[in-house]
Amino acid sequence: MNEIFGIPIQALMGQLMLGLVNGAFYAMLSLGLAVIFGMLNIINFAHGALYMMGAFLAWLGLTYLDLGYWQSLLLAPLCMACFGVLIERCMLQWLYKLDHLYGLLLTFGLALVLEGLFTNQFGVSGQPYSIPDELTGAFNLGFMLLPKYRAWVIVASLVVCFATWFMIEKTRLGANLRAATENPQLTQAFGINVPLMVMLTYGFGCALAGFAGVLAAPAIQVSPLMGSNLIIVVFAVVVIGGMGSILGSILTGLGLGVIEGLTKVFYPEASSTVVFIIMAIILMIRPAGLFGKEK
Amino acid sequence: MNSLHSINAPLEYLQIRGLHAFYGESHVLHGIDLQVNRGECVSLLGRNGAGRTTTLRAILGLTGKRTGSIMVNGRETITMPTHRIAQLGVGYCPEERGIYASLSCEENLLLPPQVGSGGMSLAEIYAMFPNLAERRDSQGTRLSGGEQQMLALARILRSGAHLLLLDEISEGLAPVIVQKLGTVISQLKARGFTILLVEQNFRFAAPLADRMYIVENGQIAAEIAQGEIETKQDLLQEYLGV
């Protein structure tokens, strides 16, 4: 293991930034997964495919409808929310009373179908999506160059994550959501339409995934497999963070992104497995996750 | 002042006819017939496992399959989903109190949406239950047993519910708190609420209830008016051992 002196500051900061960017995606996606699991008790294996769909909607919008990046950032999550509501009504709602396994299998199957459809139509080599003009170039911070688009991704995801946290922890709607998550029957007995909330929660989770997808489009190639590459790591992040707290999911995602980035600098051989090593350790010493509650 | 009731509304606020209820395959209620009139306080007495709690849950649609008729304020509710039944103005205080750990005391209080007019304001609630004002920012389950029971009752009073389904509210509480609860119920009666009180504690229920039903094996075994307690001692002895 090299000491910090061996690494040029430029390279270290660059990797740290990349780590934060990856961490931002981990945070957004694990947040969506945690919220969905909390309300629906379903492990949403389709989350990666939904993220991919968000990116593809941005690319399709640009290619066929002349929709720019900023419009896609608004419209793609809305489309994904509608798609999510459709899936919940047509397929997921029949699974709530069953074992977790059925939800996992159904969403896994859904992921395969979606990825298959997109692969069939577009092939696996990615589609290019250029960074919007306003965000090209970099800030010169003296000790490093910070690409504007990367800074934007970090800021945008932090804003979205913080807004989600605020909505869930500090608003009346969030209180209804937390109550429905904790005790759905009693919450219904107070007159709150819990099935509607469940449906909207799944839609919201899909919208978050779609938003992450649009953010990712200019950064990596838009490919049908971009979701499946990411989803496994995101699941590990969720296991590490635990499902207990919104803030926990966000911090864990960011933290693991940074750890992964730093590992790439100091010990690149371990960079693709470090998250899983941490997951194994956490499972041994604290199975509910860092911020999790026993469920 | 019976400000909660209009002149032309039906006398029976809650009317149950031939109610059968199931938990999965298990047939728990075998034809319940009971009625609670507007502004009355009716108590469901009986041994553990008789079906009293199940009756309350069945009114709200929280059991499995239900057959028969349950009319709330003139509306048939046997096929309605739970949240729609609650929105007719039914307030529920479950046996386990159901205080949410993921909400603060005040959030618990504010959770139930308005299901009727005439709900008490937050200020009135805090005047009636000063403990809850003190503990308003504490996490719900950090409150003592008595405070949690007050909270469970207070939140349905805020929602404007007119029919209150109260399940074992005196259970496991210190005598001074049970006394306070009795006072609160009397005040609610005076304000015109319609109350169905499931109780194990005969001494708590008897002075409050206008009528009592004794539930045994998922059916109504006897009905006793408040004035008949003396004359029907043998029935009470047989079913409740009091």
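Trainee: Which residue is the bridge partner of Leu166(B) in β8(B)?

Mentor: Leu197(B) is the partner. You're looking at a predicted model, where local features need pLDDT of at least 70, side-chain atom pairs count only at pLDDT 80 or more, and totals for chains, interfaces and linings use all residues. Residues are numbered from 1 along each chain as its sequence is written, while chains are lettered from A and ligands numbered from 1 in the order in which they are written.

Trainee: How do you know that strands β7 and β8 of chain B pair?

Mentor: Pairing takes at least two bridges found by DSSP between two strands. Five bridges join β7 (residues 163-167) to β8 (residues 194-198) in chain B, so they pair, and they run parallel.

Trainee: What is the order of the open sheet of six strands in chain B?

Mentor: The order is β6-β7-β8-β3-β9-β10 (chain B), with mixed pairing.

Trainee: Why are β6 and β10 of chain B called edge strands?

Mentor: Each pairs on one side only: β6 covers 90-93 and β10 covers 219-225 in chain B.

Trainee: What makes helix α9 of chain B a helix that packs on the sheet?

Mentor: Contact does (C-beta atoms, placed from the backbone, within 7 Å). Helix α9 (residues 233-240) touches β3 (41-45), β9 (211-216) and β10 of chain B.

Trainee: And the other sheet: why do β2 and β5 of chain B stand at its edges?

Mentor: That open sheet has four strands in the order β2-β1-β4-β5 (chain B), with antiparallel pairing. β2 (26-37) and β5 (75-76) of chain B each have a single partner strand, so one side of each has no neighbour in the sheet. Two bridges join β4 (residues 66-72) of chain B to β5(B), and within β5(B), Glu76(B) is the bridge partner of Met71(B).

Trainee: How many residues of chain B are in contact with chain A?

Mentor: 18 residues of chain B are in contact with 15 residues of chain A. Helix α2 (residues 82-87) of chain B gives the largest share of chain B's side, four residues.

Terms used: Contact = placed C-beta atoms within 7 Å. Axes fitted to C-alpha atoms, helices over the stretch in contact; angles between N-to-C directions.
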